[in-house]
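The following note reviews the model in numbered points, from the overall fold to single residues. Please read it with the structure open.

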Amino acid sequence: MSGDQSLPGEEPVLEKADEVAFWETPDIYGAYPRLTEDQTARLAEHGQRRTTAPNDVLIREGERCETFFVVLSGTVAVVEDYGTPEEHVLRMHGPGRFIGELGLLYGQVAFYTAVARGPGEVLVVALDQLRHLVSQDSTIGDIVLRACLCRRALLVRQGAGFRIIGSRYSPDTRRLREFAVRNRLPHRWIDLETDVEAEELLRRFGVGPAETPLVIWRDTTLLRNPSNAELARLIGLPSLPAGSRHGDVLIVGSGPAGLAAAVYAASEGLSTTVVEAMATGGQAGTSSRIENLLGFPSGISGAELTERAVLQADKFGARISIPAEATGLRPQDDDHYVVAFADGSEIAARAVVLAMGARYRRLQVPGIERLEGTSVHYSATVYEAQQCLTDPVAVVGGGNSAGQAVLFLAGYAPKVHLLVRGASLEANMSRYLVDQVARHPRVEVMLHTEVTEAIGQEVLEELDVVDNRTGGHRRLAVRSLFIFTGADPHTEWLAGIVALDSRGFVLTGPEAQEACAYPEVWHGRGRSCMTLEASLPGVFAVGDIRSGSVKRVASAAGEGAMAIHFVHRHLGHSAVPGTTGTPAVAGHSDVSPRIRHKESAWLA
């Protein structure tokens, strides 16, 4: 039986191993591994055995996951819409398999119910014990992490989880869908314009089309046009810390640069908080496959890289809050900085790392805006790719992001047109991508080509493109357009606070010091502006947001890690909370016990 089919209402209890295996969901891509006896014994040292009876609920949909279960005997079904007329089995697991997906490791609520199908026994491991074991035992850690990542991807593909009901023309519908997609939350969009299910659901809940978009979960929870923060709380995404909001380091942004900074800061004992306005991973998190990242010879998806980094930061104690949009930055008299947020809250920290990355640059041509979120996309993930199974698509851009998207989409769509306004791919795309794009039978590269109009009322029907050498126009019959034309810095809230270059990127190092409105601030500290430091002492900029940075995942992660070295140096010139010291003058610093005294000369 397929793992996606429902089982009959009354199933015989399966006792023999070969019978259990027959009814089990096949292991797909390592999503459903069977633990060895030694691995189960290792887990048993940190858990307790528990007998199960038929219909015992181990995990309930909509409730926070706090326990890890290993099936020792009997079978456990993973069910969606448990106890409703829409109930159906997603997976079946027998002895040696464990229950849980990515939400388990994050402490999110469950997107399914796990229920025992008959008498049996399970091993129960508390979440904190599991996290400890995963961090100590690399073999078990890799098995659990990979399975959880794969299971989340499969839930996403199946459209499990909550439902978003709204019109494709609604900006709020597009906002909710983008938030769910970017945060890799299992959900299904029901289009108010075309889906017959929408009318039935609106009737069932007694709401009218004017009250959409709606978020519906388990037929018991309904949110009318929720904010991103309200949706995040429903799912269990981490919110801003309560109580005393003071710490050593506040990192604004959670792309590769911000997550690397979080890992190194937290692992070195600094109290670390990461705030993110939209979703962890930044632009890298939307990449279908990154093949030139050191240490991943077969490549890695942006989503998997992000999830691994988030778990690593969490392991060391960094707190990540989503969504939290920074709106202001100001210094305090006690050598702290205060960052204000859109919801009115504030966090103070002794050092701030700016890692907001940049926002996708939109294509400004007629017809684009009304199709954004339905036929026009700024990322290429499995959500978008599933809409491209039968019709040709077009990708605009000539960099690595465009090349990665083309290759990914060519695995779904029958034809992919790559539209590049320049004379060659080699100018901005890595050689390995150029070669793969050129060889792919489903890809057509169109150089010297620009989009002049998107044609279609409800969905994209055609693109009008022009050859920028001859001025000749051509129509392309495509149903989706993917745009990868670079990004602009998200620094409006920093204007007038830190020095920016002419394009809005944050100046650092000597350029920042030269542009500083109050150069005496550096003289008073007896030092110069450090390499990644902005025009305010103790504020650092890393990754795409920094003026002059190299727009690559590896370099962004490297800058995030290096910034923490400079944070330590900055804190070494500041009074440490809980001491009687005063801010130091040159040569007489109150040094935090966390500071490493041996420093590389080239980092001066």
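1. Burial classes. A residue is called buried under 20% relative accessible area, exposed over 50%, and partly exposed in between, with a 1.4 Å probe and protein chains only. Asn225, at 31% relative accessibility, therefore counts as partly exposed. Across the chain, buried residues account for 54% of the 604 residues.

2. Basis of the model. The model is predicted: local features need pLDDT of at least 70 and side-chain atom pairs count only at pLDDT 80 or more, while totals for chains, interfaces and linings use all residues. Residues are numbered from 1 along each chain as its sequence is written, and side-chain values use heavy atoms, with hydrogens and water left out.

3. Overall dimensions. Along the principal axes, the C-alpha atoms fill a box of roughly 80 × 70 × 50 Å.

4. Secondary structure and contacts. The chain contains 16 helices and 29 strands. These are DSSP runs numbered from the N terminus, helices being H or I with at least four residues and strands E with at least two. Contact means heavy atoms within 4.5 Å. Of the contacts between residues at least 6 apart in sequence, 68% join residues at least 24 apart.

5. Surface and charge. The mean positions of the 58 positive and 73 negative charges lie 3 Å apart. Lys and Arg count as positive and Asp and Glu as negative, whereas His and the chain ends are not counted. Each charge is placed at NZ of Lys, CZ of Arg, CG of Asp or CD of Glu.

6. Aromatic pairs. How many aromatic pairs does a search of the whole structure find? The search returns 3. One of them is Phe68 with Phe98, a tilted pair with 5.2 Å centre to centre and 40° between the planes. This pair links distant parts of the chain, with Phe68 in strand 3 (residues 67-73) and Phe98 in strand 6 (residues 98-99), 30 residues apart. Phe68 and Phe98 are both buried. Rings of Phe, Tyr and Trp (its six-membered ring) pair if their centres lie within 6.5 Å; planes under 30 degrees apart count as stacked, over 60 as edge-to-face and the rest as tilted.

7. Glu372. Is Glu372 buried or exposed? At 11% relative accessibility, Glu372 counts as buried. Glu372 sits in the loop between strand 19 (358-360) and strand 20 (376-377). Apart from neighbours within four places in sequence, its contacts are Arg174, Arg362 and Tyr378. Arg174 is 198 residues away along the chain, yet the C-alpha atoms of Glu372 and Arg174 are separated by 8.0 Å.

8. Backbone geometry to inspect. Most residues other than glycine have a negative phi, and most peptide bonds are trans. Thr212 and Pro213 are joined by a cis peptide bond with omega about 5°, and Ile322 and Pro323 by another with omega about -15°. Pro323 lies in the loop between strand 15 (319-321) and strand 16 (326-331). Asn55 has a positive phi, near 75°, and is found in the loop between strand 1 (47-52) and strand 2 (57-59). Asn225 also has a positive phi, near 40°, in the loop between strand 12 (221-224) and helix 8 (228-235).

9. Pro213 belongs to the loop between helix 7 (196-205) and strand 11 (214-217). Ala210 is in the loop between helix 7 and strand 11 and is exposed, with a relative accessible area of 80%. Pro209 is placed in the loop between helix 7 and strand 11 and is exposed at 52%. Leaving aside neighbours within four places in sequence, Pro209 contacts Leu192 and Leu202. Pro209 and Ser167, 42 residues apart in sequence, are 8.7 Å apart in space, C-alpha to C-alpha.
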